[in-house]
Amino acid sequence: MKLPVCGEEQVIMEAIRNNTVVVICGETGSGKTTQVPQFLYEAGWSHPDSDNPGLIAITQPRRVAAVSMAKRVGYELNLPESVVSHQIRYDVTTSEKTRIKFMTDGVLLRELSQDLLLTKYSVIIIDEAHERNLNTDILIGVVSRVLKLRAELSREDRAKIKPLRVVIMSATLRVSDFTENSTLFTKPPPVISVNARQYPVSIHFNKRTPEDHVAEAFKKVSKIHDRLPEGGILIFLTGQNEIQHLCKLLREKYPSLPPKAALEERKRIRQAAELELKRDAAIPGEESDSDDSDSDLGFDEEELVSTKDGKWEYIYKCEYGKFTYTISYAAPLHVLPLYSSLPTEAQLRVFQPPPEGTRLCVIATNVAETSVTIPGIRYVVDCGKAKERRYDIKTGVQSFEVDWTSKASAGQRAGRAGRTGPGHCYRLYSSAVFDHDFEQFSTPEISRMPIEGVVLNMKSMGIDNVVNFPFPTPPERQTLSKAEKLLGYLGAIDTDVKHITPVGQAMANLPVTPRFAKMLVIGNQQDCLPFVIAIVAALSTEIAKARRRLMRKKYFESQIKHAGLDRSSDILKLLNVVGAYEYAGATAEFCEENFLRSKAMEEIRKLRWQLTNLMAALFENVDVWVDPKMLPPTKRQIKFLKQVITAGFIDSVAIRKDVIENGGQGGTRFKNARGVAYKLMWSEEEAFIHPGSILYSQEPPIALVYNELFKGATKTCFKGVTAIDT
Ligand code: ADP
Ligand code: MG
């Protein structure tokens, strides 16, 4: 009830009743995500007998948020997950009883391709719109059209189809791309801003910007924990590896339980003090029972008041009174990681109060920037960077890069320290770097990302002219036509009229990128579909363990082993790995011995099942099941699989440079691929086979397809190479 957004309930509900589109802006933590769906629910929306019987949908850019917010709202409304449900890729709790549905925006986009009118829903809440995610942007564009259609149809026959409402929610006031964009919404939608009480946050910049922000974060957290009063610490780092590393360092330094000696000391101090208190409190003549058991020495009667100079001060209460005492030991730090690929239960732990007497310390990616609010944070440590997917529009090279975030993001991060009281934000970079190297706002994702999957999805919704689509920020025409071109090569769209083909339509039903979808769609020949499914599942997951140099030789041996008979494709090697893993009983030991991440292998397994079920459900003529003891492919099948792979990567072909220069004839003989240059098709770029490929140590093929192009410091390399039989 105390959440700022609750004070605006009337205003919000009235605006939603009177307008088809409403924009709500409010600081992170003000209650938008958890409360607005409840306002609608309590006002009768989604009730079968009401005027708005359709479901209440809330979209989230992140899976973590969709799941945790559904759980939270279900808890607040005291309703089971069959009523307040979530749907993310491969995880659904919806039922016939569902009234409120949290989902990722990708899921809703996919639903749109099945039902352009979104007839199931009465209101769509698009959350985290300030993030300017690609999916969110597309959704807003499509939904602006759906609104018009639903309005027209309901004017014709309101009994049959009801109008749709849209609520766009943002953590910042920067919403002009939505409100002042007349191609999107002809009439500017009303903007409701929720005034959240934000306590002051003192910002502290580092004097110098360190090279290693993880080490710097470790130092900073140690200082805060040793010297500053209680309050949770939230640390922003860029990714899983950094987070796990810092978790380890902090857990080593500050064990989650106090050291034994400190516990003993505490017990001794308390017993002595208790005796004294007891003596003072004793009523003359009354028996004093001296039960010396330490069962009452739990943390629960104790209150941590403040910490100074590495000492922890407690108030201890017992039945004879209370006293304060100080102990100097490194107090326990309750260290928790938070990133998207963490299992849901582990993610939800950050919302629980830490064990008493310990300090909460959450190490997160930018998921904690605005999507989820962690209670009790008073200190924020911000490395100032974030990992972003980058995409080279010319060459198609894709990479994850760590770079400075924007000033707006840094402001959001700092704000996390001021939710429950005044706080502090420690920025691990200098104010000069902030002033000069930080952009004002992050660039909308649509201006940075490959969008062939989304373009295919848009095509399957009947949006042929993607160039004129009402994007909040229209992407460059070049990006759009590149996506169309790839879809044309894959046979997903007609190259003349740019309309989706039957193959494309089949592909659009599959929750994988268009090239994988193509492989699945054409893979149902010569009993090869189970192999293709396993390949796609493996390609969607990063399975190799980071390995040290020393391990190299052994690693290569295991690689060769997995390549089995065929050594002409890294992707077929992957298939063998998946097969061997299942054959060995899918054990963690197998992964350990073969340098595989067991979590990734489990993920592949899950994906194989899901894709198999999906293929069987989607295509009538498909008869597949998951065979745990899948036999390796035959020679004929290998040949076919390589054709399937080539079809999927048809735009990623490379030819040996020496052969091209020789007019297509023989070329030089090489013992291995070291230094052998390839020319990329449809580009002037040159690249080399990566030393990690099984094709590296043999005569390099004349033509190949590659799965990934990686830009190294000195040269560009192929990864996931398959030789084309010439
Ligand atoms: P917004 O969407 O405006 O950022 P939310 O609705 O997500 O705000 O959060 C409102 C409040 O509810 C926050 O103070 C947050 O701490 C609390 N909250 C959200 N999820 C949980 C949860 N799973 N457990 C405990 N508190 C939560
Ligand atoms: Mg929110």
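Guide: The helix to follow is α23, which runs over residues 635-648 and has 14 residues. From its first C-alpha to its last α23 reaches 20 Å, close to the 20 Å expected at 1.5 Å a residue; the expected span is 1.5 Å times one less than the number of residues. Helices (H or I, at least four residues) and strands (E, at least two) are DSSP runs, numbered from the N terminus.

This is a predicted model, in which local features need pLDDT of at least 70 and side-chain atom pairs count only at pLDDT 80 or more, while totals for chains, interfaces and linings use all residues. Residues are numbered from 1 along each chain as its sequence is written, and chains are lettered from A and ligands numbered from 1 in the order in which they are written.

Which residues of α23 are buried? They are Ile638, Phe640, Leu641, Lys642, Val644, Ile645 and Gly648. A residue is buried if 20 or more other C-beta atoms lie within 10 Å of its own, exposed if 12 or fewer, and partly exposed in between, with C-beta atoms placed from the backbone. The cover over these buried residues includes the helices α17 (514-522), α18 (529-539) and α20 (570-583), and the strands β23 (703-711) and β24 (716-723).

Take the strands of that cover. In β24, six of the eight residues are buried, so the strand counts as mostly covered by the definition of burial. β23 and β24 pair in the antiparallel sense over seven bridges; two strands pair if DSSP finds at least two bridges between them. A hairpin of four residues joins β23 to β24, and Lys711 has Thr716 in β24 as its bridge partner. β24 also pairs with strand β22 (residues 686-689), in the parallel sense and over two bridges. There Ile689 stands opposite Phe718 in β24.

In soluble globular proteins, nonpolar side chains tend to be buried together. Val536 touches Val512, Phe516, Met519, Leu520 and Leu611, leaving out residues up to four places away in sequence; two residues are in contact if their C-beta atoms, placed from the backbone, lie within 7 Å.

Gln526 is placed in the loop between α17 and α18. Its phi is near 50 degrees, a positive value in a residue other than glycine. Gln526 counts as partly exposed because 15 C-beta neighbours lie inside 10 Å. Ala586 is placed in the loop between α20 and α21 (588-593). The phi of Ala586 is near 55 degrees, again a positive value in a residue other than glycine. With 15 other C-beta atoms within 10 Å, Ala586 is partly exposed.

For the setting of this part, the protein chain has 24 helices and 24 strands. Of its 726 residues, 42% count as buried. Among contacts in the protein chain with a separation of 6 or more, residues 24 or more positions apart account for 71%.

One strand from another part of the chain can be read in the terms already given. Strand β14 (residues 333-338) is mostly covered, with six of its six residues buried. Leu333, Val335 and Pro337 point one way from β14, and His334, Leu336 and Leu338 point the other way. In a regular strand the side chains alternate between the two faces of the sheet. β14 pairs with strand β15 (residues 359-364) in the parallel sense over six bridges, and Leu338 stands opposite Ala364 in β15.
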